[in-house]
Amino acid sequence: MNPTAMKPDTMLKKSPFLVVRQLDKNEVRVYSKLNGNLTSYGPELIDVLGFFDKPVSLQAAVTGVSGMCRCEPTVLVNELYEKRFLVEGHRNERDMFAEYVAMARHRNEIARISKVTFLVSARCNLACTGCYHSFYDFKSSHMTSEFAERVLSGIFPYLKERGIPALLISFLGYEPLLNFETISRVYDRAVAMSEEYGIDSTFKIFTNAFSLNEKEYDWIVRNRPRLSFKVSLDGVREDNDQRRLDRAGKGTFDRVVGNLRRIIATGVECDVLTTLSKINFSNIERFVDEMAAIGIRNITANIFCGQSPEERKLELSEEERFEAIKRMDLATEKQNIEFDGEWKFAVVQMITGAHFTCPAGMRQMVFCADGAIHPCQRFAGTELTFGTFGDDFWEKLGEGQCESYERWTADLYDSVMERMKEEHADLTGWSCPFVPFIRGECLGKHVEKEFNERLIEYYVTRPMDRIIAKTRIHC
């Protein structure tokens with residue numbers, strides 16, 4: 001209901017999910033823990049919102065607010081209502097939450113996939129300590145272009161039918177460039193189908209950048225408008241080279257940075273992917289400065305998650321994780337570098353448009369050469385799959401007939417509803433489902449509640465362009 005269509009006696013009050021933070025004497029930040037919509041206002045909004053501490057009629061509200069703000073009071077009340085900072089006087093917290101989850105569940109009854117990832121290579125040219133594939137029976141082989149084209153032949157009609165205008169195709173593997181022939185053929189086929197179906201397709205290659213031959217380099221130069229790269233590098237030389245080793249057991253930092261410079265020189269977008277652990281914790285600022293010096297404009301920093309009891313000794317404590325992210329944020333801000341990570345999606349969604357669940361499986365899927373379909377690459381090699389790819393997969397998915405997808409979303413949303421059973425509902429985003437998975441917990445269990453609470457309080461005070469990154473995952 002829009003205030004302009006409401007009767008004058010309609011009662012309005014502050015949303016029970018409203019969060020208000022006064023940053024200084026000139027700025028107030030407001031968002032809804034349920035609907036997000038982070039917005040900056042002047043300090044007069046504190047008095048305006050105070051007028052709605054108890055239900056008040058629309059007519060009385062417009063009259064009362066007129067003396068508190070410089071803008072047209074009807075316009076302001078309209079905005080506060082549309083952003084769900086104000087709600088009808090009879091609404092209560094539990095019903096609103098249940099309605100929101102039901103709406104999100106309904107919206108995702110049928111997946112809207114806009115990102116597919118091909119695990120194209122079953123080999124790697126490195127021997128990194130703690131590689132997560134070594135903890136699972138990952139039997140996939142090199143992917144053929146014929147199999148990838150079967151996936152493509154279904155997804156483009158699916159995108160057209162669902163009204164999805166863009167597709168991101170990513171290439172992963174152990175090391176995807178070891179199967180460059182398949183990458184180049186898939187690229188050519190996808191570009192042709194993009195033009196046929198009117199879909200804007202882009203491509204991203206996740207690589208260790210240890211090897212980059214002239215044929216691959218020339219291909220990057222020719223196709224750079226549609227390409228981007230994300231290169232793995234775990235800190236400065238002495239930190240990276242403790243774990244990211246070549247087959248001879250030697251460090252990889254110098255060679256990778258050399259190839260990073262070559263990729264950047266082509267003009268293609270090239271980001272760095274790093275993992276924060278006890279190994280590189282002390283050198284965060286130095287790493288950022290070094291990356292800025294070679295031209296990196298985006299750093300994705302994920303939190304290290306050990307796959308075994310021994311590996312978990314390298315995990316940062318909650319206090320260290322918070323400090324590491326804050327330091328990385330401030331260091332990248334100083335260098336005008338964009339900074340994100342999988343942890344940030346949960347927090348950013350909370351204050352810009354809450355979703356409470358990971359987008360894996362709902363917006364993205366991963367395809368292995370053996371036909372296995374996973375919600376994201378972290379599950380590759382595990383038993384958690386969406387079955388084996390068949391030529392009717394996209395048709396079934398588009399018709400809501402994929403049972404494994406239904407189970408995935410049911411697990412996530414049922415867990416979200418469990419949050420309302422406590423006296424104080426947990427409304428602090430979500431945890432990456434891989435974390436509870438490897439620890440034997442329910443997929444939708446929120447194991448990052450306290451950590452997310454701290455991050456939300458930190459990020460709600462940050463400059464807007466540090467909160468909302470262009471690489472955010474859309475749900």
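**Ground rules**

I number residues from 1 along each chain as its sequence is written. The model is predicted, so I ask pLDDT of at least 70 for local features and 80 or more for side-chain atom pairs, while totals for chains, interfaces and linings use all residues, and side-chain values rest on heavy atoms, with hydrogens and water left out.

**Entry: aromatic pairs**

I looked up ring pairs (Phe, Tyr and the six-membered ring of Trp, centres within 6.5 Å; planes under 30 degrees apart are stacked, over 60 edge-to-face, the rest tilted). The count is 26 aromatic pairs.

I took Y187 and F203 for a closer look. Their ring centres lie 4.5 Å apart and their planes meet at 50°, so I log the pair as tilted. Y187 belongs to helix α6 (residues 180-197) and F203 to strand β9 (residues 200-207), so this pair links distant parts of the chain, 16 residues apart. Helices (H or I, at least four residues) and strands (E, at least two) are DSSP runs numbered from the N terminus. Y187 and F203 are both buried. Buried means under 20% relative accessible area, exposed over 50%, and partly exposed in between (1.4 Å probe, protein chains only).

Next I checked F386 and Y405. This pair is edge-to-face, with 6.3 Å between centres and 85° between planes. F386 sits in the loop between β15 (373-374) and α13 (393-398), Y405 in helix α14 (residues 403-418), and 19 residues separate them. F386 is buried at 4% relative accessible area. Y405 is buried too, at 2%.

I also found a cluster: ring pairs connect F118, F147, Y158, F171, F367, F389, F393 and W394.

**Entry: charges over rings**

I searched for charges over rings (NZ of Lys or CZ of Arg within 6 Å of the ring centre and within 35 degrees of the ring normal). R327 lies over the face of F281, 4.9 Å from the ring centre. R454 lies over the face of F322, at 4.1 Å.

**Entry: T39**

I located T39 in strand β4 (residues 36-41). T39 is buried, at 11% relative accessible area. I then listed its polar contacts (N or O atoms within 3.5 Å; within protein, one must be able to donate a hydrogen and the other to accept it, and residues adjacent in sequence count only if both atoms are side-chain atoms). The T39 side chain reaches the backbone oxygen of N37 at 2.7 Å. The side chains of T39 and K83 are joined at 2.9 Å. For contacts I used heavy atoms within 4.5 Å. Beyond four places in sequence, T39 contacts V28, R29, V30, E79, K83, F85 and M464.

**Entry: helix α2**

In α2 (residues 58-65), I find L58, A61 and V65 buried. Down the helix axis they fall within an arc of 60°, so they line one face. The arc is taken from the directions from the helix axis to the C-beta atoms. An α-helix has 3.6 residues a turn, so residues three or four places apart point the same way. Q59 and T63, on the other side of α2, are exposed. Cover for the buried residues includes β1 (11-14), α1 (45-50), β5 (56-57) and α3 (73-82).

**Entry: helix α7**

In α7 (residues 214-223), E216, Y217, W219, I220 and N223 are buried. These residues span an arc of 160° down the axis, so they too line one face of the helix. Among the elements covering them are α6, β9, β10 (227-232) and α9 (253-265). At the start of α7, a side-chain oxygen of N213 comes within 3.1 Å of the backbone nitrogen of K215.

**Entry: strands**

I went back to β9 and found 6 of its 8 residues buried. β9 pairs with β8 (residues 166-173) in the parallel sense over 6 bridges. Pairing takes at least two DSSP bridges between two strands. A166 has D200 of β9 as its bridge partner.

I also traced an open sheet of 3 strands, antiparallel, in the order β5-β1-β6. β5 and β6 (86-88) are the edges with a single partner strand each, so one side of each has no neighbour in the sheet. Between β1 and β5 I count 2 bridges. M11 is partnered by S57 of β5.

**Entry: G371**

I placed G371 in the loop between β14 (364-368) and β15. G371 is buried, at 3% relative accessible area. Its C-alpha atom is 8.1 Å from that of G387, 16 residues away along the chain. Outside four places in sequence, G371 touches F147, G387, T388 and F389.
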